[in-house]
Number of protein chains: 2
Amino acid sequence: MTTTLEDRHPSRTGGESEITERRDPVRWGSDPGPLSPEQLAAYERDGFLILPDLLGPDAVDACLAATRDLSRSDDGPGLVAEPGADDELRSVFELGRHPAFASLMAMDVLAGAARQLLGSDVYIHQSRLNLKRAFTGRGFPWHSDFETWHVEDGMPAMRAVSCSVALTDNHTTNGPLLLIAGSHRWFVSCPGQTPDDHHLQSLRRQEYGVPDHDSLRWLAARGEIRPFTGAAGSVAFFECNTMHGSADNITPTPRASAFFVYNSIDNQLVEPFGAAQPRPTHLAARGDVRSVAS
Amino acid sequence: MTTTLEDRHPSRTGGESEITERRDPVRWGSDPGPLSPEQLAAYERDGFLILPDLLGPDAVDACLAATRDLSRSDDGPGLVAEPGADDELRSVFELGRHPAFASLMAMDVLAGAARQLLGSDVYIHQSRLNLKRAFTGRGFPWHSDFETWHVEDGMPAMRAVSCSVALTDNHTTNGPLLLIAGSHRWFVSCPGQTPDDHHLQSLRRQEYGVPDHDSLRWLAARGEIRPFTGAAGSVAFFECNTMHGSADNITPTPRASAFFVYNSIDNQLVEPFGAAQPRPTHLAARGDVRSVAS
């Protein structure tokens, strides 16, 4: 007997954009953990939480060294170049290959916070470095990660959280992550349908899974657009359905960020809800996933 | 007998970029005026001065109505479209055609401040609206206005000041004007040579008169990059040689700004220092210029 999961968040079904109220909790548990009640309340209200200077210089330096190692490693599915510039590295996936990132993503201030928010053990759904170069670093269009993870990867529920670790200083001026406060409370279905092997293109320049302008206006009218700024070592947690994006970096100051996506062990991937084939496991772990040790 | 002015700021002469110390004063007079000694000191130090909420809502509303009028007017040399989007208006020149802008640019808080900074009567060298649309509004690459005005228009000395009037709210997130503090103290000569009729292209997407990355890094290492943020009605004065630029606007919040460039009546244009033909007068007034009434 096959169990078929209901698609509770249909998107890219060929119709128009539609905005519906969120159906899942934002915070899934009530156990204590590294986050204070005030921090939890801010996360629930805004869909994100910024923790300035959470990590010390040693952790940051170790990750910067690991960034250099991974960026120099041979070509592979884990390396993605900038749109229109094959020789400029934009993203590196599967950071757990490097011990510096493996120990960082298991730290209690990160993984423990994720467990606290998701009310269960967690595993790494995806990890990546985003390198936004000086002068030429390209932005990311507005999107909800959950929309992609649901449609293309088969993530059933909104029970995942992204953790962005600033490895360099994030200023307002060098293309920081922008988040729409409160947008996690709404699900925006996107127009169009997912082409085959969409990820080969979308990681460089995303075209599907991008909400229309009216939906973005609607969300931004209800909550301020806020940048994630802070010195290297600052951390932002953002809920998997929080609408976010970033502009190009035109300044001489490059940015490097590590992203760890913690998913609940009870929210593992099923078949994609809107794509013919699941994406490769370096983009979306499935099958033999291991909980992050607590 | 013909008097030939020495080119004290050579640029686009076919050589490499070069950074030289400024040869002209920043403040040209010492008469009192609308700016306080502290404001004058900040302008001299940073090369710009931000005056939050300088203009009231009536002045802003009148200019927004004028913006709509001018944007709807027939095609002409004063209208410039976005790069790659012929139907999206990027800039409108010659604002003095509209009474709302004509009276704004003559107000003592603006023109009087310019007279105070430049130590003489002033005239409008150029005036323009910059419309940075929601979602698709494109940025401007880093540049010194003086470099262009000297090379392409024949402005002899650094004795002009730009006044940017925010007609909509400027946030850090919607592609605000970015200024490099202290950059006005250096002249960066630019590589390349000016092609004929460069302005037909440069106002949409500038390629010449753009400093190289090393020079920008050098300037930014000496002074912070600061955004001009503030509510509608806020004003920024920036010295004609201050390095500035802006990123794209990816947010749902459009921006509209009016720029008035005040030049000293004693600094009128001569033949261009690095172009075969002067640009048209809607970009650079010459000949029969009139002082702004005091």
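The side chain of Gln126(A) reaches the backbone oxygen of Leu283(A) at 2.9 Å, in a predicted model. That is a polar contact, meaning a pair of N or O atoms within 3.5 Å, where within protein one must be able to donate a hydrogen and the other to accept it, and residues adjacent in sequence count only if both atoms are side-chain atoms. Gln126(A) sits in strand 5 (residues 122-132) of chain A; strands are DSSP runs of E, at least two residues, and helices runs of H or I, at least four, numbered from the N terminus. With a relative accessibility of 6%, Gln126(A) is buried (under 20% relative accessible area, with exposed over 50% and partly exposed in between; 1.4 Å probe, protein chains only). Setting aside neighbours within four places in sequence, Gln126(A) has contacts (heavy atoms within 4.5 Å) that include Phe93(A), Trp149(A), Phe259(A) and Leu283(A).

Over in chain B, Ser264(B) belongs to strand 13 (residues 255-264). Ser264(B) is buried too, at a relative accessible area of 0%. Its side chain gets to the backbone nitrogen of Asp266(B) at 3.0 Å. Beyond residues up to four places away in sequence, Ser264(B) touches Leu118(B), Ser120(B), Asp121(B), Tyr123(B) and Arg159(B).

The contact draws 19 residues from chain B and 20 residues from chain A. Together the chains bury about 1,600 Å², 77% of it on carbon and sulfur atoms (accessible area, 1.4 Å probe, lost by two parts on being put together, summed over both). Two residue pairs are in polar contact between chain B and chain A, both at pLDDT 80 or more. On the side of chain B that touches chain A, helix 7 (213-222), strand 10 (225-227) and strand 12 (244-246) each supply at least two residues. Helix 7 of chain B gives the largest share, four residues.

Residues are numbered from 1 along each chain as its sequence is written, and chains are lettered from A and ligands numbered from 1 in the order in which they are written. Local features need pLDDT of at least 70 and side-chain atom pairs pLDDT 80 or more, while totals for chains, interfaces and linings use all residues; side-chain values use heavy atoms, with hydrogens and water left out.
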